[in-house]
Amino acid sequence: MKLLHTAALALLVLAGPALATPTGTITVYTSQPQDQMTTVIEAFNKDYPDVKVELFRTGTTELMSKLQAEFAAGSTPADVLLIADAVAMTEMKEDGRLLPYPDAPVAGIPADVIDPDKTFFGTKLITTGIVYNTSMVKTPPTSWDDLKAPEVASSLIMPSPLYSGAAVIHVGTMVQQPEFGWAYYEELAKNGAVAGQGNGTVIEAVARGEKAYGIIIEYMAMNARKAGSPVDFVWPEQGVSSITQPVAILKDTDNEEGAKAFVDWQLSRTAQEQSVAQGYFPLAEGVAPPEGYPAVSSLHILPLDAAQLRVDDKANKEKFADLFGG
């Protein structure tokens with residue numbers, strides 16, 4: 001018996017200390033819709049019941065302004081960021097605001113959506129295309145150029161990069177394409193197109209019939225169609241912009257283990273499958289896209305020079321505001 005007891009103790013020593021279960025509270029700053037985040041937190045807490053998640057949700061541009069003001073004041077309550085803008089994440093990284101997480105469980109996640117220094121990680125694929133009201137539009141658009149016609153542009157609404165991170169990426173991508181550039185947006189403005197705030201204002205206007213067409217991220221349009229709204233969505237044949245909604249941990253978090261648990265969960269297959277249920281293209285290998293979505297491989301993703309976008313970001317927002325108001 002004494003030998004067995006000694007052997008058992010030896011095995012415990014070799015095994016090392018038991019991993020601590022994450023506990024405490026984390027605050028997540030996000031641009032993902034509130035109703036979706038409610039279900040995200042519920043699912044996360046099934047796996048991590050001892051971590052309480054507090055949430056602040058707004059558009060990415062407004063969220064980043066809040067963060068910068070908090071940094072200037074000395075601190076922020078945020079522990080985790082989940083936003084629709086990898087360019088903003090890169091700026092945060094270069095400002096020394098993000099915590100590297102080299103042991104993040106990234107198996108099955110494409111390397112090109114992971115920061116090489118493991119400070120932020122893509123969680124889903126989101127594309128921007130065209131939504132239209134099926135009660136008002138008899139011939140659906142197939143390309144971005146279809147939106148320039150005066151009778152179409154005069155009933156077109158789009159999200160503003162002054163509010164939406166996805167719009168920052170979309171406008172930045174479009175103006176980098178030689179076939180579009182700022183001339184494209186100038187023509188839309190000349191023919192009566194308008195800007196709302198975020199993508200939510202776009203789907204509300206098109207679903208209610210206030211506008212016949214909108215530029216929007218795909219899941220909002222597809223979810224509205226699924227819920228019975230008279231809308232449909234087009235992935236334009238000329239190509240689509242894309243974002244990956246990265247997640248990151250703030251360097252000054254006061255609950256590193258809880259924050260890492262949230263990142264772990266966001267990269268898990270459970271989270272990827274929940275993303276599909278919420279209308280997103282998944283990133284993980286072997287997870288099918290939502291019903292009615294094309295295969296990602298069939299989409300033409302427009303190229304983006306992210307470094308150039310960072311240089312042009314302020315000027316892009318000023319130009320957009322000149323054309324559509326701010």
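Which helices and strands each supply at least two residues of the lining of the largest pocket? Here is a friendly walk through the model, with that answer under point 4.

1. **Ground rules.** This is a predicted model, in which local features need pLDDT of at least 70 and side-chain atom pairs count only at pLDDT 80 or more, while totals for chains, interfaces and linings use all residues. Residues are numbered from 1 along each chain as its sequence is written, and side-chain values use heavy atoms, with hydrogens and water left out.

2. **The sheet.** Helices (H or I, at least four residues) and strands (E, at least two) are DSSP runs, numbered from the N terminus. Strand β1 (residues 24-30) runs parallel to β2 and is joined to it by seven bridges. In this pair, Thr-25 stands opposite Lys-52 of β2.

3. **Two helix pairs.** Helix α6 (residues 165-176) and helix α7 (residues 181-190) have axes 6 Å apart and pack at an angle of about 115°. His-170, Val-171, Met-174 and Val-175 of α6 make the contact with Gly-181, Trp-182, Tyr-184 and Tyr-185 of α7, where contact means heavy atoms within 4.5 Å. Those residues divide into six nonpolar, two polar and no charged. In this scheme Ala, Val, Leu, Ile, Met, Phe, Trp, Tyr, Cys and Pro count as nonpolar, Asp, Glu, Lys and Arg as charged, and the others, Gly among them, as polar. Helices α8 (residues 199-207) and α9 (residues 218-226) cross at roughly 35°, their axes coming within 10 Å. Here Asn-199, Gly-200 and Ile-203 of α8 meet Met-220, Ala-221 and Ala-224 of α9. By class, that contact has four nonpolar, two polar and no charged residues.

4. **The largest pocket.** Now back to the opening question: α4 (86-94), α6, β10 (241-243) and α12 (306-324) each supply at least two residues of this lining. The largest pocket has a volume of about 680 Å³. A pocket is an open set of points on a 1 Å grid over the protein atoms alone, where a 1.4 Å probe fits, with protein on both sides within 12 Å along at least five of seven lines; a cavity is a set from which the probe cannot get out, and lining residues have an atom within 4 Å of a point. Points are joined across faces, edges and corners, and a volume is the space filled by probe spheres set on them. Of the 26 lining residues, Ala-86, Asp-112, Ser-242, Thr-244 and Leu-304 lie nearest the centre of the largest pocket. By class, the lining has 18 nonpolar, five polar and three charged residues.

5. **The second largest pocket.** This one has a volume of about 510 Å³. It is lined by 28 residues, and nearest its centre lie Pro-33, Arg-57, Gly-200, Tyr-219 and Met-220. Its lining has eleven nonpolar, 15 polar and two charged residues.

How values were computed. Pairing = 2+ DSSP bridges. Axes fitted to C-alpha atoms, helices over the stretch in contact; angles between N-to-C directions.
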